[in-house]
Amino acid sequence: MTLAAWSRGVGSCIMGSIDREQIRKVLDIEERFAIHSIIAFGYPAHQSKIVDLVDDDISYYLDENHDYCVPKRSLEKVVRYK
């Protein structure tokens with residue numbers, strides 16, 4: 001869904017830290033269905049870019065242009081080759 005949206009210029013955000021019971025109540029979702037996560041869609045008003053992780057801080061922040069900076073670990077820190 002997110003890739004299809006982005007191919008049409010629509011941004012998305014997958015969220016897992018959500019109030020599942022409130023979502024169930026508002027959307028009248030039956031108990032037999034599990035709510036795993038939700039996806040928000042919209043047209044981005046800013047750019048996002050991946051930046052190097054500093055001091056293991058994964059917090060997003062805005063740069064001087066008010067674009068999102070998304071810290072990520074380097075490939076070498078995530079994948080090990082034997």
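**View 1. D55, in the loop between β3 and β4.** D55 sits in the loop that runs between β3 (48–52) and β4 (61–62); helices and strands here are DSSP runs numbered from the N terminus (helices H or I, at least four residues; strands E, at least two). This is a predicted model, with local features needing pLDDT of at least 70 and side-chain atom pairs pLDDT 80 or more, while totals for chains, interfaces and linings use all residues. Residues are numbered from 1 along each chain as its sequence is written, and side-chain values use heavy atoms, leaving out hydrogens and water. Most residues other than glycine have a negative phi. D55 is exposed, since its relative accessible area is 75% (buried is under 20%, exposed over 50%, partly exposed in between; 1.4 Å probe, protein chains only).

**View 2. D28, in the loop between α2 and β2.** Here the loop joins α2 (20–27) to β2 (38–42), and D28 is part of that loop. D28 is another non-glycine residue with a positive phi, near 55°. A relative accessibility of 69% is why D28 counts as exposed.

View 3. E21, R24 and E31 are linked in a network of salt bridges (a Lys or Arg side-chain nitrogen within 4 Å of an Asp or Glu carboxyl oxygen). Side chains of opposite charge can pair when their charged atoms come close. E21 and R24 share helix α2, three residues apart, or about one turn of the helix, and their side chains meet at 3.8 Å, N to O. On the E31 side, the closest N and O atoms of the bridge to R24 are 3.7 Å apart. R24 counts as buried because its relative accessibility is 10%, whereas E31 is exposed at 62%.

**View 4. The E30–R32 salt bridge.** The structure holds four salt bridges, and this close-up shows the one in which the side chains of E30 and R32 meet at 2.5 Å, N to O. How exposed are the partners? E30 is partly exposed, with a relative accessible area of 43%, while R32 is exposed at 65%.

View 5. M1, I14, I39 and F41 make a nonpolar surface patch of about 420 Å² (residues with over 30% relative accessible area and no salt bridge, nonpolar side chains being joined within 5 Å). The areas are Shrake-Rupley values with a 1.4 Å probe. M1 belongs to the segment before α1 (2–6) and counts as exposed because its relative accessible area is 71%.

**View 6. The largest pocket.** About 690 Å³ of space lies in this pocket (an open set of points on a 1 Å grid where a 1.4 Å probe fits, with protein on both sides within 12 Å along at least five of seven lines; lining residues have an atom within 4 Å of a point). The volume is the space filled by probe spheres set on the points. Which residues lie nearest its centre? They are G11, S12, C13, H46 and S48, from a lining of 21 residues. The lining draws at least two residues each from α1, β1 (11–15), β2, β3 and β5 (68–72), and β1 gives the most, with four. By class, the lining has 13 nonpolar residues, seven polar and one charged; Cys counts as nonpolar and Gly as polar.

Methods:
Patches are made of residues with over 30% relative accessible area and no salt bridge: like charges are joined within 9 Å, nonpolar side chains (Val, Leu, Ile, Met, Phe, Trp, Tyr) within 5 Å.
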